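User: I have a model open and would like to learn how to read its side-chain contacts. Could you walk me through them?

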Amino acid sequence: MHNKYKVSLLRLNLLLAALLPALLVPYARDHSEAMLLGLAAAWLAISATLVEFSHRRPPLIPWQLLPSLLLGALLWSSADRYPFLLWAWAALIILPQPAWMAAINVLLASLSLAWVARQLPIEQAMTAGLVLAPMLLLGLIRTRRLTPLFAQAKGRVSLVPGERLWPRARLAGDLAREQGRAQRDGTHAELVLLRTRRRHLWSVARQLCEMTRGFEHCYRLDKRTLGALLISRDAALATPRRQRLLERLSEVERARVVALPHARSLAEELRALERQKLPITLTPGTLIHADA
């Protein structure tokens, strides 16, 4: 409930921010200025409708670039009418963004400051620079400090809403946990690695999630590789189930099944999957179905 409240508040703030450029459109000096104001209002309004409390996907590159380019263009074309927009750079710089995007924002903010300063008295120009520079620096420091937290958050949430598909970062901890549980409870756990074509990855991922049980996890390891942890009472019961799963996933090119007590590091198992020549490889500790 707390997260929903924060999302609603952010959505309201974005809508209020969209209202300002929308109200300025009728007073625009020319068509280009009206278009830039309209695009800014549209970007803020659409962002308000799409925003959600989720770290599943990073923002798309064009969606990150658009507000920076719009702000720079507005200041470049109408600095004499909207000099107050210079302070919007402080808001953009604190948003979660890759390093290259932060560098672009700093560059555009510096150019905008230089452009606006040409039209101000020297005292006001110096004051604006002395205020904006520390704000940008503090924003960069905050963004860099939050980057590891966002990376951890993305490692803890599903890659697809409603599905049990997790990022690679989560698999290492799950492997250790399931190995300990298998030894403690006497269950049989297997790591299944699947290599497919890029265009088939998401369809195979959906099938894999549908065919595994609610307490079993699936993982996207790279652009062509999926993984899953299959838990059974013993190896004999795991065998027919594993075989049915591999038979139904017809778009899988190669598969590697590793019983957890015999599993090496994930990197080593992925290299073994890359090198293997057989379509399916079963490591020691797994059983072949009697009908195979």
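Analyst: Happy to! Let's begin with accessibility: buried means under 20% relative accessible area, exposed means over 50%, and partly exposed is in between. Keep in mind that this is a predicted model. Trp115, at 23% relative accessibility, is therefore partly exposed.

User: Thanks. How many aromatic pairs does a search of the whole structure find?

Analyst: The search turns up two. For ring planes, under 30 degrees apart counts as stacked and over 60 as edge-to-face. Trp76 and Trp115 have ring centres 4.0 Å apart and planes at 20 degrees, so this pair is stacked. The two residues are 39 apart in the chain, with Trp76 in helix H3 and Trp115 in helix H5, so look for a link between distant parts of the chain. Trp76 is exposed, with a relative accessible area of 53%.

User: And what angle lies between the planes of Tyr82 and Phe84?

Analyst: Their planes are at 90 degrees, with 6.2 Å from centre to centre, and the pair is edge-to-face. Tyr82 is buried at 4% relative accessibility, whereas Phe84 is partly exposed at 43%.

User: Which ring does the charged end of Arg118 sit over?

Analyst: That of Trp115, with the charge 4.4 Å from the ring centre. Arg170 also lies over a ring face, that of Trp166, at 3.9 Å from the ring centre.

User: Let's move on to salt bridges. How many does a search of the whole structure find?

Analyst: First the idea: side chains of opposite charge can pair when their charged atoms come close. In this structure the search finds 13 salt bridges. One of them joins Glu33 and Arg29, at 3.7 Å from N to O. Glu33 is buried, with a relative accessible area of 1%, while Arg29 is partly exposed at 43%.

User: Which residue does Arg241 form a salt bridge with?

Analyst: Its partner is Glu216, and the closest N and O atoms are 2.5 Å apart. Arg241 is in helix H9 and Glu216 is in the loop between helix H8 and strand E3, so the bridge ties together parts that are 25 residues apart in sequence. Arg241 is buried at 12% relative accessibility, and Glu216 is buried at 1%.

User: Which residues are linked in a network of salt bridges?

Analyst: Arg170, Asp174, Arg177, Glu178 and Arg181 form that network. Glu178 is buried at 5% relative accessibility, and Arg177 is partly exposed at 36%.

Note on methods: Residues are numbered from 1 along each chain as its sequence is written. This is a predicted model: local features need pLDDT of at least 70, side-chain atom pairs count only at pLDDT 80 or more; totals for chains, interfaces and linings use all residues. Side-chain values use heavy atoms; hydrogens and water are left out. Rings of Phe, Tyr and Trp (its six-membered ring) pair if their centres lie within 6.5 Å; planes under 30 degrees apart count as stacked, over 60 as edge-to-face and the rest as tilted. Helices (H or I, at least four residues) and strands (E, at least two) are DSSP runs, numbered from the N terminus. Buried means under 20% relative accessible area, exposed over 50%, partly exposed in between (1.4 Å probe, protein chains only). A charge sits over a ring if NZ of Lys or CZ of Arg is within 6 Å of the ring centre and within 35 degrees of the ring normal. A salt bridge is a side-chain nitrogen of Lys or Arg within 4 Å of a carboxyl oxygen of Asp or Glu.
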